[in-house]
Amino acid sequence: MTVTVNNQEIRIFNGATAKHAILRYMLKNKLEVKKVDNLVIKDKYGHQIDGDAPLSDGQTITFKTV
Amino acid sequence: MKTFLRIAILTVLAAVYTSTHAQTVKASYKTDLHIVSTNDMHAAFEKLPQMAAIVDSLRCLDKDLLVLCAGDSRTGHPINDLYPNTSYPMISLMNLIGFDCTTFGNHEFDSHQDGLARNINESNFPYICANISADAELGIQTTPYKFFDVKGVRVCVLGVVQIGSHGRPDTHPKNVVGFTFAPVEETIQKYLYLRDECDVFILLSHIGFEDDVKVAEKFPQFDLIVGGHSHTQLEGGEIHNGVLITQNVNKLKRLTYTTLTVENGKVTNKQAKNIEIENYPKKNVAAQSLVNFFSDNPELGKVLAQAVTPFSSYEELGCLMCDAIRDISGSDISFCNAGGVRYEEHPAGDFTVSDVLRLDPFGNNAVVMNITGKELKDMLIACFNADENRFPYTSGVTCHVTYTDSKRSAIKSLKVLGPDGKEINPKKTYKVVGNSYATTVSNSPRKDQGEDTNIATSDMLMSYLKKVQKIDYQGKTCLKEIF
């Protein structure tokens with residue numbers, strides 16, 4: 001499936017959670033991998049979601065380091 | 001004639017009086033309906049004594065408090081999930097709290113058909129879900145909706161569960177054999193007539209916030225959607241198209257406390273706020289006693305297999321983990337990141353449930369993909385690069401890795417050998433399984449990104465150990481490192 005993380009499309013396995021998509025994003029962009037506890041993750045409405053939140057194809061999330 | 005006129009006048013007066021009186025009664029009827037709701041508790045049973053104390057307090061304010069759960073009560077803690085009667089700790093605590101109803105979450109099906117039937121029978125509250133039906137032989141009765149009469153207000157709760165793109169809730173396909181699922185919006189349309197039969201219409205939903213918003217936009221008939229699945233933290237609730245939607249993140253960090261003001265059979269005001277559970281200072285004593293009882297779970301000490309010889313390296317234990325997920329998933333090849341193997345020595349003798357949970361504690365699921373030999377090779381190298389330059393363990397293939405130096409700074413060359421000792425075909429497609437972490441960090445290009453099996457790798461390891469009964473991995477290797 002394809003999800004959008006911080007405005008970038010990420011391909012990842014079906015059933016992936018927010019933390020998986022963010023980890024893939026960090027590696028793709030050669031960023032330092034941060035623990036999910038140190039991140040604020042939000043959905044397209046700007047609501048905070050948990051790292052274990054299940055994602056579906058086409059979903060958009062953003063994250064920031066606390 | 002006079003008599004007739006007298007009767008007629010009296011009849012008219014009586015009708016006027018009755019009508020006026022009835023209107024007066026209706027107009028003066030106003031009440032507040034209070035609801036406490038949870039979602040995605042994911043077996044956080046140790047927080048239920050705090051929730052119970054909060055519910056006790058709220059019931060002192062309103063004895064007619066409704067307590068609702070929007071699904072996914074289980075899957076997330078071995079004490080609950082591995083209990084001999086799976087998920088019984090959560091259910092017994094929910095019974096004690098006095099939940100009025102729940103809907104199915106996708107993870108309720110992780111109990112398997114027989115376990116789910118037992119879960120439903122053990123629950124003192126109904127499972128409400130309109131877009132599911134079960135074959136008769138499963139012995140599972142599903143209820144699409146339920147009416148509650150609360151302080152003279154007729155409340156109808158309709159339930160729905162998430163359906164993935166594969167046409168079933170996100171659980172292993174075997175868990176839903178015998179169930180039929182219908183699309184959410186189509187199902188809601190079918191039950192809209194309930195709006196006319198109640199004063200308050202609630203959707204108890206496990207479809208995720210974004211889909212809850214879509215439902216609210218399409219079906220303003222609902223007064224309230226108590227949502228779950230997407231682990232979305234709302235500030236109390238949010239109104240879309242006049243429908244109040246509530247949801248909290250997972251694992252009982254917070255509850256939602258909703259107040260609906262009902263006047264003349266209509267909801268005239270809606271408010272929702274969060275109640276913090278984690279730092280709540282009080283616990284219900286009876287609930288805490290149950291938690292203490294369940295925490296002493298003899299199941300964790302259960303012996304799964306006998307280690308004929310001791311394990312004396314990460315690699316030996318990694319080989320065991322890889323053999324397990326390859327065998328249980330029916331794959332050709334498996335791999336696990338080296339960092340996912342959490343201890344390096346295990347004595348000969350008993351291999352217990354607790355040993356498995358210490359060895360593989362991260363809750364990773366197994367992910368299956370169909371990829372070519374070339375794509376597999378690239379994945380293994382990508383996994384090495386992302387896992388602090390540690391090469392992953394494998395089963396079904398043996399890897400000969402040549403590094404640029406003794407510090408494993410980089411891979412110079414890699415040969416992936418099949419069981420026949422020859423290099424695997426780079427163009428042939430293999431069924432490969434990896435844990436979800438290794439699959440994620442292996443960021444190399446491939447056509448098939450894979451599918452979550454919705455089975456934890458630790459569960460696969462337990463199943464494998466039960467199956468083989470005896471294990472002997474002394475000196476076993478899946479990796480030849482050349483410096």
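Trainee: Before we look at the two chains, what is a salt bridge here?
Mentor: A salt bridge is a side-chain nitrogen of Lys or Arg within 4 Å of a carboxyl oxygen of Asp or Glu, and please keep in mind that we are looking at a predicted model.

Trainee: Okay, how many are there between chain A and chain B?
Mentor: The count between chain A and chain B is one salt bridge, and a salt bridge joins the side chains of B:Lys253 and A:Asp50, with 3.6 Å from N to O.

Trainee: And how many residue pairs are in polar contact?
Mentor: Between chain A and chain B there are 13 residue pairs in polar contact, counting pairs with both residues at pLDDT 80 or more.

Trainee: Which elements of chain A supply residues to the side that touches chain B?
Mentor: Both α1 (18-28) and β4 (48-49) of chain A supply at least two residues each to that side, and α1(A) gives the most, with five residues. By type, the residues of the side of chain A that touches chain B divide into eight nonpolar, six polar and seven charged.

Trainee: How much area do the chains bury?
Mentor: Chain A and chain B bury about 2100 Å² between them, with 53% of it on carbon and sulfur atoms. In chain A, the residues that lose the most area to chain B are A:Phe13, A:Arg24 and A:His47, which together account for 27% of what that side buries. The contact takes 21 residues from chain A and 29 residues from chain B.

Trainee: Now B:Thr232, is that buried or exposed?
Mentor: B:Thr232 counts as buried because its relative accessibility is 1%, and buried means under 20%. B:Thr232 lies in strand β10 (residues 232-233) of chain B, and its side chain makes a polar contact with the side chain of B:Ser230 at 2.7 Å.

Trainee: What does B:Thr232 touch in chain A?
Mentor: Leaving aside residues up to four places away in sequence, B:Thr232 touches A:Asp43, A:His47, A:Gln48 and A:Ile49, and its contacts in chain B include B:Phe209 and B:Gln247.

Trainee: Switching topic, which residues touch the most other members in the largest nonpolar core?
Mentor: That core has 45 residues, and B:Val36, B:Met51, B:Phe99, B:Phe104 and B:Phe179 touch the most other members. Among the elements of chain B that give two or more residues to this core are α2 (48-61), β2 (66-69) and β13 (254-263), and α2(B) gives the most, with six residues.

Methods:
Residues are numbered from 1 along each chain as its sequence is written. Chains are lettered from A and ligands numbered from 1 in the order in which they are written. This is a predicted model: local features need pLDDT of at least 70, side-chain atom pairs count only at pLDDT 80 or more; totals for chains, interfaces and linings use all residues. Side-chain values use heavy atoms; hydrogens and water are left out. A nonpolar core is a set of buried Ala, Val, Leu, Ile, Met, Phe, Trp, Tyr and Cys residues joined through side-chain atoms within 4.5 Å. Buried means under 20% relative accessible area, exposed over 50%, partly exposed in between (1.4 Å probe, protein chains only). Helices (H or I, at least four residues) and strands (E, at least two) are DSSP runs, numbered from the N terminus. Contact means heavy atoms within 4.5 Å. Buried area is the accessible area (1.4 Å probe) that two parts lose on being put together, summed over both. A polar contact is a pair of N or O atoms within 3.5 Å; within protein, one must be able to donate a hydrogen and the other to accept it, and residues adjacent in sequence count only if both atoms are side-chain atoms. Ala, Val, Leu, Ile, Met, Phe, Trp, Tyr, Cys and Pro count as nonpolar, Asp, Glu, Lys and Arg as charged, and the others, Gly among them, as polar.
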